[in-house]
Amino acid sequence: MHRTRRFGKTLTTAVLAALLAGGTTAPAAAAGGEAPVGPPPGTAAWRADRSLGRSLPDPATATPAEVAAFFAGLTDAQSRRLVRDHPTVVGNLDGAPVRLRYAANAPAGDRVLVYDPRGRGLIARVAGDLEHAAHVAVIVPGSDIDLSTAGRTARWATDLQEAAGDDTAVIAWAGYTTPSGIGPDLATGTLAEAGAERLTRLTAGLDAAGLPDPALLCHSYGSVTCGLAAADTDAADLVVMGSPGMRADDVTALGTGARVWAAKSPDDWIDHVPNVEFLGLGHGADPASPGFGATVLPADDVPAHDAYFTPGTSTLTAFAAIVGGDR
């Protein structure tokens, strides 16, 4: 019994140390800043609004399909009034029409699908024409991404969209609270679990809006989020890169009908992270390992952990082919 306890303590310490040591390739962001939780800001006023002679769908309980049905029954004038009176709700309401979300979030920039400035903040920007896209991709980033640092994910989305073509739209989804700086959040699944709920609602909202089943492209800790969301999304493809694990032993354990792909550069520090899960620490099997069951993508020309979307690499070419339905 003493030997078992000692082994567990040693393993847990090793996993935690490895994950924290490689948390980011940039100087660590300062930890802290509360995560936006619950329904979007302005929800109380939205719930109290009876100007249409009936209750508006509750952002906390209405499904994206119910939200879509509600907006489908409104006139253009009624929709515009809701955008004017409740922009922070409409702009973050999964199932609301894309054009209305853009209009509500216009103060934050063009083609903004999510905007919540509370705490560290959340944002999702779209590269391409989402409303008319034949193919849709969602990039789910890893640690140290929030409202102030989401530009990197937006650049990845632009590079992927340009490689995939005009009929593809890519959402840079900094829409969940990621681990910040060097801390235990990197080694646990707590933030990924909360992120998985948000990602599931996002994909359900895309479906309710009549958009194609998306490809999810999940980087680093974002692959943990995607792994936990996999069984509850209608994603056509699930692509992970630089992954510490997906909290699943293999593809079957993900419980998804999506095609599962994995990429890991030989120059990625993530290769030094032990692929174990013990006492809630660590994220499990390496998705790029032969036994996991994912289709492994080329990544030999990817120079670093944060470089999988670099134009000209074999990995970005493969991502574009998957998203565009050519692979």
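This is a predicted model: local features need pLDDT of at least 70, side-chain atom pairs count only at pLDDT 80 or more; totals for chains, interfaces and linings use all residues.
The buried positions of α11 are T315, L316, A318, F319, A320, A321, I322 and V323.

The cover over these buried residues of α11 includes the strands β3 (135-140), β4 (168-174), β5 (215-219), β6 (237-241) and β7 (259-263), together with the helix α7 (151-164). Just after α11 comes G325, whose phi is positive, at about 80°.

Strand β4, which is named among the elements covering α11, is itself largely enclosed by the rest of the structure, because 7 of its 7 residues are buried. The side chains of T168, V170, A172 and A174 point one way from this strand, while A169, I171 and W173 point the other way, and residues of both sets are buried.

On the antiparallel side of its pairing, β4 is joined over 5 bridges to strand β2, which covers residues 122-127, and within this part of the structure A124 has W173 of β4 as its bridge partner. With β3, by contrast, β4 runs parallel, and 5 bridges join the two strands; here I139 stands opposite A172 of β4. The chain passes from β3 through α7 to β4, and this β-α-β crossover is right-handed.

## Helix α9 and residue T225

Helix α9 takes in residues 221-229, and T225 is one of its residues. T225 has a relative accessible area of 0%, and because buried means under 20%, T225 counts as buried. When residues up to four places away in sequence are left out, T225 touches V140, Y176, A192, G195, A196 and L199.

## The disulfide

A search of the whole structure finds 1 disulfide, and it joins C218 to C226 with an S to S distance of 2.1 Å. In general terms, a disulfide is a covalent bond between the sulfur atoms of two cysteines.

The link of C218 and C226 is left-handed, with -90° about the S-S bond, and both C218 and C226 are buried.

Note on methods. Residues are numbered from 1 along each chain as its sequence is written. Side-chain values use heavy atoms; hydrogens and water are left out. A disulfide is a pair of cysteine sulfur atoms within 2.5 Å. Buried means under 20% relative accessible area, exposed over 50%, partly exposed in between (1.4 Å probe, protein chains only). Helices (H or I, at least four residues) and strands (E, at least two) are DSSP runs, numbered from the N terminus. Contact means heavy atoms within 4.5 Å. Two strands pair if DSSP finds at least two bridges between them. A crossover is right-handed if, with the strands pointing away from the viewer, the path from the first strand over the helix to the second runs clockwise.
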